[in-house]
Amino acid sequence: MELTGYNVVITGGSGGIGSALVSGLIASGASVHNLDIQDALKPDATFHKTDLTSEASVKETLSTIEKIDALIVCAGVQLVGQDSKIGEVALETWQKTVDINMTGAFLSVKHAIPGLIKSGRGSVILIGSPTGMTMEGAGYTAYGASKAGMMGLSRIIAVDYKEQGVRSNVVVPGTMSTPLIQKIWDDPEKGPDLIRRTPLGRMGKPSDLVGLVNWLVSDQSSFATGAFYAVDGGMTAR
Ligand SMILES: NC(=O)c1ccc[n+]([C@@H]2O[C@H](COP(=O)([O-])OP(=O)(O)OC[C@H]3O[C@@H](n4cnc5c(N)ncnc54)[C@H](O)[C@@H]3O)[C@@H](O)[C@H]2O)c1
């Protein structure tokens with residue numbers, strides 16, 4: 001996929017999935033801006049330290065980027081050990097999760113919209129989760145609900161901005177080995193259980209998402225909008 005000339009903004013580009021997406025985009029020739037609260041291990045994108053829960057921070061960063069061909073919303077948290085069944089979830093856990101996963105998506109797209117419209121081919125790509133669309137969310141009330149919310153945003157954006165040439169899609173990764181789920185993975189019961197619930201019987205690699213994300217960034221996906229694309233070893237097909 002040739003992405004020379006594409007200006008791509010990614011949130012959470014310093015994380016496990018985000019850093020693989022940054023590498024894949026740069027390898028295809030795109031210019032990449034990484035908005036994250038933590039520095040990247042590989043400084044191959046232009047880094048903008050940004051707190052996605054702060055409208056002032058998001059607005060300040062995105063106002064410096066004039067043309068945005070694609071926005072990838074990849075930042076997220078899953079508060080393993082705190083998030084649970086609804087009767088046991090503290091309000092702080094709910095709020096922190098929703099602030100980053102859902103309000104962070106809202107603020108990122110809101111302030112990227114002028115740049116996406118300016119490009120004339122803006123593509124929004126939200127990194128969702130099986131927990132936002134299936135029973136995989138059981139036991140993770142705040143995380144699953146926040147993912148359902150940010151995934152729902154995608155269809156609304158797709159319809160509301162179709163005339164301005166902005167598309168919006170969701171990529172749904174299955175279980176991937178990243179810091180996000182390290183605590184689940186380390187649990188002697190929960191780790192193997194995740195694999196049992198994945199028809200392909202293994203976890204994925206963040207790089208498994210690169211081909212699909214690069215296609216969604218590019219004009220080759222110009223008829224794709226308002227859709228969910230799973231790369232999950234079959235988890236959502238069960
Ligand atoms: N790893 C998986 O198995 C998996 C599966 C399905 C979906 N996802 C989704 O993929 C996305 C990336 O997850 P990951 O596994 O790479 O996690 P990760 O923890 O490795 O990376 C998350 C990134 O988000 C950043 N971030 C968190 N809060 C922020 C804030 N307030 N402002 C700016 N940046 C902030 C972190 O600094 C980090 O770089 C998330 O949206 C997650 O829900 C992951």
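Which helix gives the most to the shell around the ligand? Helix α1 (residues 16–27) does, with three residues.

1. Basis. This is a predicted model, in which local features need pLDDT of at least 70, side-chain atom pairs count only at pLDDT 80 or more, and totals for chains, interfaces and linings use all residues. Numbering starts from 1 along each chain, as its sequence is written. Helices are DSSP runs (H or I, at least four residues), numbered from the N terminus.

2. Ligand shell. The ligand is surrounded by 27 residues. The closest are G12, G15, G76, T178 and L180. By class, the shell holds 13 nonpolar, 12 polar and two charged residues. Ala, Val, Leu, Ile, Met, Phe, Trp, Tyr, Cys and Pro count as nonpolar; Asp, Glu, Lys and Arg count as charged; the others, Gly among them, are polar.

3. α3 against α4. Helix α3 (residues 91–119) packs on helix α4 (residues 141–160) at about 15 degrees, with the axes 8 Å apart. Axes are lines fitted to C-alpha atoms, for helices over the stretch in contact, and angles run from 0 to 180 degrees between N-to-C directions. The two helices, α3 and α4, are therefore roughly parallel to each other (the cut-off is an angle under 35 degrees). Their crossing is right-handed: the near helix is turned clockwise from the far one by less than a right angle. On the α3 side, the contact is made by T93, W94, T97, V98, N101, M102, A105, F106 and V109. The α4 side supplies A142, Y143, S146, K147, G149, M150, L153 and I157. Contact requires C-beta atoms, placed from the backbone, within 7 Å. The class count for α3 with α4 is 11 nonpolar, five polar and one charged.

4. α2 against α3. Here the angle between α2 and α3 is about 25 degrees and the axes lie 9 Å apart. α2 and α3 are therefore roughly parallel to each other, and the crossing is right-handed. E55, V58, K59 and L62 of α2 meet L107, S108, H111, A112 and G115 of α3. This contact has four nonpolar, three polar and two charged residues.

5. A56. This residue sits in helix α2 (residues 55–62). Is A56 buried or exposed? A56 counts as exposed because it has 9 C-beta neighbours inside 10 Å; the cut-off for exposed is 12 or fewer other C-beta atoms within 10 Å, and for buried 20 or more. A56 and L107 are 51 residues apart in sequence, yet 9.6 Å apart in space, C-alpha to C-alpha.

Notes
Near = placed C-beta within 6 Å. Parallel < 35°, antiparallel > 145°, perpendicular 65-115°, else oblique. Contact = placed C-beta atoms within 7 Å.
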